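The points go from the terms used to the metal site and then to the charged pairs.

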Amino acid sequence: MKTRKDFCSFCGGRVAETYIEKEHQIRRLCLQCEKINRDNPVLVAGVIVIRDGKILLARRAEEPACGKWNYPKGHVELGETVERAAVREVTEEIGVSPELFGLLGVFSYPASPVINIAYAGTVRSELTRDAAEVSELAWFSKADIPWDSLAFEDDVEALKQICARPDFGLTVTA
Ligand SMILES: [Zn+2]
């Protein structure tokens with residue numbers, strides 16, 4: 001994933017790789033406003049939705065990991081809270097606004113620019129639609145989770161955690 005930019009995020013000026021004495025690092029320094037432009041991680045937020053003891057998963061219709069399953073999630077936009085982003089992204093994918101019960105965990109990996117923030121929640125009404133980026137939505141009991149067909153490392157970790165944590169009042173049934 002390409003996250004580096006040639007232009008300053010603050011003023012739009014040109015940036016150049018420059019050694020920054022006090023940080024002992026080469027950083028991308030703006031030649032115009034002299035601010036350091038950092039390669040920030042990408043934030044993704046989502047919700048593991050549980051209802052009647054089953055977990056909702058979405059089958060991806062887009063690369064990366066097209067055809068694999070993940071819990072509904074998407075990018076956090078500037079200017080919104082992480083909780084809002086999680087609810088918005090999930091609503092876009094399933095057509096129903098989820099109710100959040102709490103933070104399940106934060107999942108990050110040294111080789112990935114993405115930091116995943118997963119909430120646990122539920123829905124009170126029927127799912128109304130599939131978004132274009134999702135080819136199928138389905139409910140899985142613990143025994144049916146498609147471990148070999150999960151899209152990302154954080155899907156595996158987050159699902160393992162939710163199965164081991166009945167403290168949200170959302171027990172995943174076998
Ligand atoms: Zn600048």
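1. Terms and basis. A residue is called buried under 20% relative accessible area, exposed over 50%, and partly exposed in between, computed with a 1.4 Å probe on protein chains only. The model is predicted, so local features need pLDDT of at least 70 and side-chain atom pairs count only at pLDDT 80 or more, while totals for chains, interfaces and linings use all residues. Residues are numbered from 1 along each chain as its sequence is written, and side-chain values use heavy atoms, with hydrogens and water left out.

2. The zinc site. The protein donors of the zinc ion are Cys8 (SG), Cys11 (SG), Cys30 (SG) and Cys33 (SG), lying 2.3 Å from it, where donors are N, O and S atoms within 2.8 Å of the metal (3.2 Å for Na, K and Ca) and, as water is not among the atoms, sites may look incomplete. The donor residues follow the spacing C-x2-C-x18-C-x2-C in sequence. Cysteine 8, in the segment before β1 (15–20), and cysteine 30, in strand β2, are 22 residues apart, and the pair links distant parts of the chain. Cysteine 8 and cysteine 30 are both buried.

3. Arginine 28. This residue is found in strand β2 (residues 25–30), strands being DSSP runs of E with at least two residues, numbered from the N terminus. Arginine 28 is buried, at a relative accessible area of 8%, and its side chain makes a polar contact with the side chain of aspartate 39 at 2.7 Å. A polar contact is a pair of N or O atoms within 3.5 Å; within protein, one must be able to donate a hydrogen and the other to accept it, and residues adjacent in sequence count only if both atoms are side-chain atoms.

4. Salt bridges. With a side-chain nitrogen of Lys or Arg within 4 Å of a carboxyl oxygen of Asp or Glu as the criterion, the count comes to eleven salt bridges. In one of them, arginine 27 pairs with glutamate 23, the closest N and O atoms being 2.6 Å apart; arginine 27 is partly exposed at 26% relative accessibility, and glutamate 23 is partly exposed at 23%.

5. Glutamate 126 forms a salt bridge with arginine 51, with the closest N and O atoms 3.3 Å apart. Because glutamate 126 lies in the loop between β9 (114–122) and β10 (134–140) and arginine 51 in strand β4 (residues 42–51), the pair ties together parts that are 75 residues apart in sequence. Glutamate 126 is exposed, at 56% relative accessibility.

Conventions. Helix = DSSP H or I, 4+ residues; strand = E, 2+ residues; numbered from the N terminus.
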